[in-house]
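Here are a few exercises to work through with the model open beside you. Try each task before you read its solution.

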Amino acid sequence: MSLVTERPEPGTPRPYRFPPVIRRTVAGGDVVAAHLPGHNLAVAVLLFDAGAGREPLGREGLANVVAKALEEGTTRRDATEYALALEGLGTELSISVDWDAFQVGVQVPVHRLPAAVELMTEAVRTPRLDPADLVRVRDDEVTALRMYWANPGPRADAALRAQLFGAQQRVGRPMDGDPDSVAAVTVDDVTAFHADWLTRFGTLLVVGDLDRIDLDELATTAFAGASGGAAPAGEPLDVRVPGERKIVLVNRPGSVQSTLRLGHVAPHRGHPDHVPMTLAATVLGGAFTSRLNHLLREVRGYTYGIRADFGQARRFGRFVVSSGVQTAVTAPALVDAVGEIARTRSSGVTEEELTVARSWRAGQLTVELQTPRAIANALATLVVHDLPDDYHATLRERLLAATEPEVSAAAAQHLHPAGLTLVVEGDAALIRDELVATGLGEVIDAG
């Protein structure tokens with residue numbers, strides 16, 4: 001006797017409304033805000049064009065060291081005094097670094113926002129940057145990275161990035177660096193990065209009940225003593241998909257599984273095909289119901305999960321498939337994954353698959369963009385990628401309005417199975433011959 005279940009039909013996405021975006025220039029800097037009437041929590045973020053892409057070669061991970069150093073006290077207060085001041089407001093610094101941006105934020109009740117912005121600005125503009133603290137912070141980061149790089153995955157990710165963009169470009173190296181690059185960071189590197197990038201005006205993002213928030217007052221505090229605008233970001237990188245596949249083998253002796261990273265370069269975040277590309281990737285590998293997950297997990301039993309998506313930054317993007325499979329099925333899993341990518345490119349998506357993808361992606365907006373902090377992140381996306389102010393307000397409708405021909409055309413244009421770089425991290429002695437036998441491409445060893 002067997003129990004057969006049917007997958008439920010997708011429901012109607014919940015209504016969603018992104019708050020109006022307000023822009024103004026105050027005290028020489030730009031303010032971008034969103035009004036949440038009646039909300040008692042508010043968020044303020046200083047956003048700088050100072051992401052990992054601004055780091056010099058050989059110092060990958062420098063921006064993260066700077067980020068952690070901001071919490072080590074200021075010229076007014078030592079680390080303990082500063083931490084107690086934040087705690088007295090019921091907040092903490094929220095600091096993040098990605099390829100394009102360096103963000104420092106606070107979240108507090110509305111009436112405490114002016115004091116919180118003052119503390120945030122103190123850390124950003126006048127950090128203590130004591131040499132002994134910087135060395136300790138750097139060494140802690142090196143230790144954390146050594147532990148991280150001992151796991152399967154980071155070496156495969158690094159090998160793929162180097163193959164796609166070239167290891168002599170910053171984007172061809174890991175965003176967060178590696179133990180060696182962070183160990184090379186000096187005190188002078190940290191102080192220079194701060195002086196070069198975090199003394200600029202940046203952009204102040206504010207989300208909350210603006211009827212109870214004085215934006216001019218916050219901006220005057222945040223931009224006091226700042227000078228210099230954003231440096232030119234540059235045009236999108238001219239990196240092209242190669243004409244043939246190759247397999248890059250990262251040896252991990254004794255490994256009981258193989259880590260797979262399949263990818264090629266893709267358009268940058270501001271590309272007009274972003275929505276149909278996202279939906280095509282969702283059908284292929286962006287959800288639990290995707291083609292790749294169904295075949296390799298449910299049908300074959302090769303993996304606990306496999307994902308595919310377009311990762312996009314301001315000047316570049318890449319398409320990546322990620323998974324871990326049993327060593328014994330490394331080669332057939334690779335063949336199946338490439339086959340599904342090729343099938344999606346050649347035959348597109350079905351209306352049934354697209355209906356599920358549209359509903360899920362549109363419905364996620366209600367979940368993903370319901371907090372002040374999430375809305376602040378959405379504002380940052382507008383600024384970094386120079387998107388229109390109504391971008392998020394219209395995103396749900398654009399997702400739901402995407403047609404099968406549009407999404408299939410995006411799959412055909414932006415998926416390149418014949419130009420994939422296939423990175424396999426595993427026990428080379430056990431899998432090399434089988435990888436060669438697949439005929440998917442020349443097998444080369446990672447440098």
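**Exercise 1: aromatic pairs**

Applying the ring rule gives four aromatic pairs. The rule pairs rings of Phe, Tyr and Trp (its six-membered ring) if their centres lie within 6.5 Å, with planes under 30 degrees apart counted as stacked, over 60 as edge-to-face and the rest as tilted. The model is a predicted one, in which local features need pLDDT of at least 70, side-chain atom pairs count only at pLDDT 80 or more, and totals for chains, interfaces and linings use all residues. Residues are numbered from 1 along each chain as its sequence is written, and side-chain values use heavy atoms, with hydrogens and water left out.

Task: describe the aromatic pair that Trp99 and Phe316 form, then find which residues ring pairs link into a cluster.

Solution.
1. Trp99 and Phe316 are edge-to-face, with 5.5 Å centre to centre and 85 degrees between the planes.
2. Trp99 is in the loop between strand 4 (94–97) and strand 5 (102–109), and Phe316 is in the loop between strand 9 (306–312) and strand 10 (317–326), so this pair ties together parts 217 residues apart in sequence. Strands (E, at least two residues) and helices (H or I, at least four) are DSSP runs, numbered from the N terminus.
3. Phe165 and Phe316 also form an edge-to-face pair, at 5.3 Å centre to centre and 70 degrees between the planes.
4. Phe165 belongs to helix 5 (residues 154–165) and Phe316 to the loop between strand 9 and strand 10, so the pair ties together parts that are 151 residues apart in sequence.
5. Ring pairs therefore link Trp99, Phe165 and Phe316 into a cluster.

**Exercise 2: one side of a helix**

Task: which residues are buried in helix 15 (residues 404–414)?

Solution.
1. Val407, Ser408, Ala410, Ala411 and His414 are buried (under 20% relative accessible area, 1.4 Å probe, protein chains only).
2. They cover an arc of only 155 degrees around the axis, which puts them on the same side of helix 15; the arc is that of the directions from the helix axis to the C-beta atoms.
3. Among the elements covering these buried residues are strand 8 (257–266), helix 9 (274–286) and helix 11 (330–347).

**Exercise 3: the largest pocket**

Task: which element gives the most to the lining of the largest pocket?

Solution.
1. The lining of the largest pocket has 45 residues, and Arg269, Asp309, Phe310, Gly311 and Gln312 lie nearest its centre. On a 1 Å grid over the protein atoms alone, a pocket is an open set of points where a 1.4 Å probe fits, with protein on both sides within 12 Å along at least five of seven lines; lining residues have an atom within 4 Å of a point.
2. Elements giving two or more residues to the lining include helix 4 (131–149), helix 12 (351–368) and helix 13 (372–385).
3. Helix 13 gives the most, with seven residues.

Terms used. Buried means under 20% relative accessible area, exposed over 50%, partly exposed in between (1.4 Å probe, protein chains only). Contact means heavy atoms within 4.5 Å.
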